[in-house]
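Hi,

Here is the structure I promised to pass on. Have a look at it first, and then read on for what turned up.

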Amino acid sequence: MNTPDDTTGSTGPVDALARLFEGEGSAEYFGEAVTQAGHMLQAGALAEAAGAPAHLVAAALLHDIGHFHGTVTGRDLMEGGQDNRHSHTGADWLARWFGPEVTEPVRLHVAAKRYLCTAEPGYFDLLSEASVHTLRVQGGPMTAEQARAFESLPGAADAVAVRRWDEQAKDPAFPTPDFAHFRPLLEALLSP
């Protein structure tokens with residue numbers, strides 16, 4: 001597994017992300033019919049098709065990048081029932097290059113799933129089998145008090161949008177653009 005220090009080398013951050021999508025991202029997305037990269041590319045494409053602003057397209061595209069970092073992988077999350085906190089790992093790693101308008105929806109997208117299961121009757125029924133499993137591992141639906149606290153967080157509304165695209169982005173027949181399609185958008189969002 002790459003660490004933040006060895007993924008950039010002498011190239012830029014967007015090249016590092018491209019390598020992750022082509023390498024580790026080509027692995028199975030545990031419990032789903034798409035690869036991890038395919039899932040994230042679909043989420044980015046869905047955000048783009050919805051007319052989302054650039055920072056939300058980037059957040060949707062990069063929301064699961066934390067599965068590639070940390071001591072607990074996506075495989076561990078599915079097989080061992082241990083939360084890998086990929087939302088936080090990914091947001092912290094991306095914060096080296098992107099501002100909070102990109103990183104906070106990434107950080108909060110798991111909490112948004114927990115929130116939506118409480119706030120919207122019927123949302124739970126939209127979850128894939130794998131998402132139901134990870135929901136249990138990640139703490140289950142929020143309490144009413146937790147949901148109110150979530151709503152007050154900066155970036156919560158954007159995280160909910162990312163979460164909706166996240167759940168829709170699991171269709172093996174979806175015509176998904178490749179990573180190069182998103183390169184100009186990501187480069188424009190890099191922090192100075």
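Before the details, one term: a residue is called buried when its relative accessible area is under 20%, and exposed when that value is over 50%. Please also keep in mind that this is a predicted model.

First, the overall picture. The protein has eleven helices and zero strands, so DSSP runs read along the chain simply give α-α-α-α-α-α-α-α-α-α-α. Of the 192 residues, 52% are buried. Among contacts with a separation of 6 or more, 69% are between residues 24 or more positions apart.

Now to helix 11, which covers residues 179–189. Which of its residues are buried? They are F179, F182, L185, L186 and L189. These five lie on the same side of helix 11, because the arc they cover around the axis is only 115°. The general rule behind this kind of spacing is that an α-helix has 3.6 residues a turn, so residues three or four places apart point the same way. P184 and A188, on the other side of helix 11, are exposed. And what do the buried residues of helix 11 pack against? Their partners are helix 2 (13–22), helix 3 (36–49), helix 4 (54–62) and helix 7.

Helix 7 turns up again in the largest pocket, where it gives the most to the lining, with six residues. The space in that pocket comes to about 190 Å³. Eleven residues line the largest pocket, and those closest to its centre are R85, S87, H88, R107 and A111. Helix 6 (86–94) and helix 7 (100–119) each supply at least two residues of the lining. Sorted by class, the lining of the largest pocket holds five charged residues, three polar and three nonpolar.

Is D166 buried or exposed? Its relative accessibility is 2%, so D166 counts as buried, the cut-off being under 20%. What does its side chain meet? The side chains of D166 and H63 are joined by a polar contact of 3.4 Å.

Cheers

Definitions and conventions
Residues numbered from 1 in each chain as written. Predicted model: local features only at pLDDT ≥ 70, side-chain atom pairs only at ≥ 80, totals over all residues. Heavy atoms only, no water. 1 Å grid on protein atoms, 1.4 Å probe; cavity = no way out; pocket = protein on both sides within 12 Å on 5 of 7 lines; lining within 4 Å. Points joined across faces, edges and corners; volume = space filled by probe spheres on them. Helix = DSSP H or I, 4+ residues; strand = E, 2+ residues; numbered from the N terminus. Nonpolar A, V, L, I, M, F, W, Y, C, P; charged D, E, K, R; others polar. Buried < 20%, exposed > 50% of the residue type's maximum accessible area, 1.4 Å probe, protein only. Arc of directions from axis to C-beta. Contact = heavy atoms within 4.5 Å. Polar contact = N/O pair within 3.5 Å; in protein donor to acceptor, adjacent residues only side chain to side chain.
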